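Please look over the structure shown below before reading the briefing that follows. The points are grouped by topic.

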Amino acid sequence: MKTKAVLELADVKAIAAAAEAEAMKNQWAVTIAIVDDGGHLLWLQRLDGAPAMSSHIAPAKAHTAALSRKESKVYEDVINQGRTSFLSAPTVQGLLEGGVPVIKDGQCIGAVGVSGVKSSEDAQIAKAGIAAIGL
């Protein structure tokens, strides 16, 4: 049987703080969501001025990244390249760039989803958060 790392509260707080710092540094009003490897919400933080809709989109992006073990951008690209039938995939909602899996030792242990600015900027914030725990 394999042993697998898990996100602890200290990790979640470190990711959130670093993601918030990246957003604030750039004056980006976003929502930051962090989920475990099953896509279950561990953290939701809506910065002042972030659109209300972002509080729904960020967790969806994180959920998609955690369950697929891939960045949510992969699915945005698939759809943009014409495979619109992918929109019918069950329970998959966060199909925009900005969801990034947290990978440790080849295993997905969670994901970060960000929404509120350009999708590439959302992803930048998520990756800054993940980098705070050395991944």
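Where is the place of Asp 105? Asp 105 is in the loop between S3 and strand S4 (107–115), where helices (H or I, at least four residues) and strands (E, at least two) are DSSP runs, numbered from the N terminus. This is a predicted model, in which local features need pLDDT of at least 70 and side-chain atom pairs count only at pLDDT 80 or more, while totals for chains, interfaces and linings use all residues. Residues are numbered from 1 along each chain as its sequence is written, and side-chain values use heavy atoms, with hydrogens and water left out.

**Backbone: positive phi outside glycine**

- Asp 105 is not a glycine, yet its phi is positive, at about 55°.
- Asp 105 counts as exposed, with a relative accessibility of 69%; buried means under 20% relative accessible area, exposed over 50%, and partly exposed in between (1.4 Å probe, protein chains only).
- Thr 91, another residue other than glycine, also has a positive phi, near 60°, and lies in the loop between H3 and strand S3 (99–104).
- Thr 91 counts as exposed as well, at 63% relative accessibility.

**Salt bridges**

- Six salt bridges are found in a search of the whole structure, a salt bridge being a side-chain nitrogen of Lys or Arg within 4 Å of a carboxyl oxygen of Asp or Glu.
- One of the salt bridges joins the side chains of Asp 37 and Lys 4, with an N to O distance of 2.7 Å. Because Asp 37 lies in the loop between strand S1 (31–36) and strand S2 (41–46), and Lys 4 in the segment before helix H1 (9–25), this pair ties together parts that are 33 residues apart in sequence.
- Asp 37 is partly exposed, at a relative accessible area of 28%, and Lys 4 is likewise partly exposed, at 33% relative accessibility.
- Another salt bridge is made by the side chains of Glu 71 and Lys 127, at 3.4 Å from N to O. The pair links distant parts of the chain, 56 residues apart, with Glu 71 in the loop between helix H2 (54–68) and helix H3 (73–80) and Lys 127 in helix H4 (residues 119–131).
- Glu 71 counts as partly exposed at 25% relative accessibility, and Lys 127 counts as partly exposed at 41%.
- Lys 73 also forms a salt bridge, with Asp 77 as its partner and the closest N and O atoms 2.9 Å apart. Both residues of this pair, Lys 73 and Asp 77, lie in helix H3, four residues apart, which is about one turn of the helix.
- Lys 73 is partly exposed at 30% relative accessibility, and Asp 77 is partly exposed with a relative accessible area of 26%.

**Packing of H1 and H4**

- H1 and H4 pack with their axes 7 Å apart and at an angle of about 140°; axes are lines fitted to C-alpha atoms, for helices over the stretch in contact, and angles run from 0 to 180 degrees between N-to-C directions.
- This angle makes H1 oblique to H4, given that angles under 35 degrees count as roughly parallel, over 145 as roughly antiparallel, 65 to 115 as roughly perpendicular and the rest as oblique.
- On the H1 side, Ile 15, Ala 18, Ala 19, Glu 22 and Ala 23 meet Gln 124, Ile 125, Ala 128, Gly 129 and Ile 130 of H4, where contact means heavy atoms within 4.5 Å.
- The residues of this contact of H1 with H4 divide into seven nonpolar, two polar and one charged, with Ala, Val, Leu, Ile, Met, Phe, Trp, Tyr, Cys and Pro counted as nonpolar, Asp, Glu, Lys and Arg as charged, and the others, Gly among them, as polar.

**Contacts between sequence-distant residues**

- Ile 32 is placed in strand S1 and is buried, with a relative accessible area of 0%.
- Leaving aside neighbours within four places in sequence, Ile 32 is in contact with residues including Ala 16, Ala 19, Trp 43, Leu 44 and Val 112.
- The C-alpha atoms of Ile 32 and Ala 126 are separated by 7.8 Å, although these residues are 94 residues apart along the chain.
- Ala 5, in the segment before H1, is partly exposed at 28% relative accessibility.
- Not counting residues up to four places away in sequence, Ala 5 touches Lys 104 and Ile 109.
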